[in-house]
Amino acid sequence: MKECFECKATQDLQEHHVVPKSRGGTKTVTLCYSCHMMSHGRDSKGLDHKRLTKEGLSQAKLRGAKLGSDNPAIRAGLEQRSLDTLSLLAKPLKDAIQTCGYGKWTAIARWMMENEFKTPNGKDRWYPTTVRQLVLKMKEVEKK
Ligand SMILES: [Zn+2]
């Protein structure tokens with residue numbers, strides 16, 4: 001009677017290719033479903049956790065989720081720091097908007113660089129998206 005090579009189970013048996021079939025492997029070992037999945041780096045439900053975590057993270061990023069610390073104190077600290085940066089940049093951004101026009105993100109980005117303001121991350125290079133995000137955030141904060 002056939003049994004799982006790993007755990008001796010006799011149910012849900014499958015043939016596991018030692019060398020992937022796609023790479024020309026011909027020899028197989030009998031494994032039960034759950035051992036077979038584990039041999040492929042998946043859990044007993046057939047889920048590949050590494051891949052799922054990766055996919056989950058990139059989907060969360062697409063939704064605009066803030067990744068990082070779950071610790072509320074650290075989060076509050078980060079939030080406070082970004083508010084400080086925002087208040088420092090609020091004046092120049094307003095000047096830039098007055099000069100360039102609201103929504104002219106590319107021109108505003110250039111203005112910020114010409115006037116040598118650093119981005120919230122301390123960089124010299126301003127991108128239109130950076131400007132837009134900051135201005136929107138600024139409006140949001142001012143409403144409060
Ligand atoms: Zn098994």
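Along the sequence, the predicted chain follows the pattern β-β-α-α-α-α-α. It holds five helices and two strands. Helices (H or I, at least four residues) and strands (E, at least two) are DSSP runs, numbered from the N terminus. Residues are numbered from 1 along each chain as its sequence is written. The model is a predicted one: local features need pLDDT of at least 70, side-chain atom pairs count only at pLDDT 80 or more, and totals for chains, interfaces and linings use all residues.

Of the 144 residues of the chain, 12% count as buried. A residue is buried if 20 or more other C-beta atoms lie within 10 Å of its own, exposed if 12 or fewer, and partly exposed in between, with C-beta atoms placed from the backbone. Among contacts with a separation of 6 or more, 31% join residues 24 or more positions apart. Contact here requires C-beta atoms, placed from the backbone, within 7 Å.

The largest nonpolar core has eleven residues: Leu89, Ala96, Trp105, Ile108, Ala109, Trp111, Met112, Trp126, Val131, Leu134 and Val135. Helix H3 (72-100), helix H4 (105-114) and helix H5 (128-143) are the elements that give two or more residues to this core. H4 supplies the largest share, five residues. A nonpolar core is a set of buried Ala, Val, Leu, Ile, Met, Phe, Trp, Tyr and Cys residues joined through C-beta atoms within 7 Å. In soluble globular proteins, nonpolar side chains tend to be buried together.

In H4, the buried residues are Trp105, Ile108, Ala109, Trp111 and Met112. Seen down the axis of H4, these buried residues fall within an arc of 160°, so they line one face of the helix. The arc is that of the directions from the helix axis to the C-beta atoms. Glu116 follows H4 and has a positive phi, near 55°.

H5 has 16 residues. From its first C-alpha to its last, H5 reaches 23 Å, close to the 22 Å expected at 1.5 Å a residue. The expected span is 1.5 Å times one less than the number of residues in the helix. Val131, Leu134 and Val135 are the buried residues of H5. They cover an arc of only 100° around the axis, which puts them on the same side of H5. The face of H5 turned away from its buried side carries the exposed residues Thr129, Leu136, Glu140 and Lys143.

H4 and H5 pack at an angle of about 95°, with their axes 8 Å apart. Axes are lines fitted to C-alpha atoms, for helices over the stretch in contact, and angles run from 0 to 180 degrees between N-to-C directions. The two helices, H4 and H5, are therefore roughly perpendicular to each other. Angles under 35 degrees count as roughly parallel, over 145 as roughly antiparallel, 65 to 115 as roughly perpendicular and the rest as oblique. On the H4 side, Trp105, Thr106, Ile108, Ala109 and Met112 meet Pro128, Thr130, Val131 and Arg132 in H5.

Most residues other than glycine have a negative phi. Lys8, not a glycine, has a positive phi of about 70°. Lys8 counts as exposed, with 9 C-beta neighbours inside 10 Å. Asp12 also lies in the segment before E1. Its phi is positive, near 50°. With 12 C-beta neighbours inside 10 Å, Asp12 counts as exposed.

Definitions and conventions:
Contact = placed C-beta atoms within 7 Å.
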